[in-house]
Amino acid sequence: QVQLVESGGGLVQTGGSLRLSCAASGRTFSNYAMGWFRQAPGKEREFVAAISWGGVPAYADSVKGRFTISRDNAKNTLYLQMNSVKPEDTAVYYCGASDFYSVHRNDYNYWGQGTQVTVSS
């Protein structure tokens with residue numbers, strides 16, 4: 001089992017930047033593909049970005065070119081660098097761990113508690 005704790009959320013203005021972190025503990029972090037998902041009020045949790053064990057990224061079209069996912073296996077930490085943020089990026093952001101390199105939330109076995117990101121216009 002792996003435990004995940006997100007941090008770094010907050011209030012940011014449109015066009016600004018924010019970096020989210022996800023600290024992992026428990027089973028070997030490098031054994032998992034990792035992903036970021038987000039959930040806005042009244043909406044389903046949606047895919048944002050994923051990264052394979054070896055560091056290959058994948059992005060949702062809505063964030064491509066603005067967000068960057070990365071991982072530091074030595075520090076057991078996942079990151080999401082968010083640049084040029086927009087009001088529609090406002091959501092609770094969750095990191096997840098999966099046995100599969102996947103964009104589908106149902107493939108993720110473990111989740112953190114989430115961190116709120118609010119983008120003001």
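**Strand pairing and overall form of the predicted model**

Strand S1 is joined to strand S3 (residues 18–26) by 6 bridges, and the two run antiparallel. Strands are DSSP runs of E with at least two residues, and helices are runs of H or I with at least four residues, numbered from the N terminus; two strands pair if DSSP finds at least two bridges between them. The model is predicted, so that local features need pLDDT of at least 70 and side-chain atom pairs count only at pLDDT 80 or more, while totals for chains, interfaces and linings use all residues. Residues are numbered from 1 along each chain as its sequence is written, and side-chain values use heavy atoms, with hydrogens and water left out.

Strands of a sheet pair through backbone hydrogen bonds, either parallel or antiparallel.

Strand S4 (residues 33–39) runs antiparallel to S5, with 5 bridges joining them, and Phe37 stands opposite Phe47 in S5. S4 and S5 form a hairpin with 6 residues between them, and Gly42 in the turn has a positive phi of about 80°. S5 is also joined to strand S6 (residues 57–59), by 3 bridges in an antiparallel arrangement; here Ile51 stands opposite Pro57 in S6. The hairpin of S5 and S6 has 5 residues between the strands, and in it Gly55 takes a positive phi near 95°. Strand S5 (residues 46–51) is largely enclosed by the rest of the structure, because 5 of its 6 residues are buried (under 20% relative accessible area with a 1.4 Å probe, protein chains only; exposed is over 50%, partly exposed in between).

The protein as a whole has 0 helices and 11 strands. Its radius of gyration is 13 Å, close to the 14 Å that the globule rule gives for 121 residues, so the protein is as compact as a globular protein of that length; the radius is taken over C-alpha atoms, and the rule is 2.2 Å times the number of residues to the power 0.38. Buried residues make up 44% of the 121 residues.
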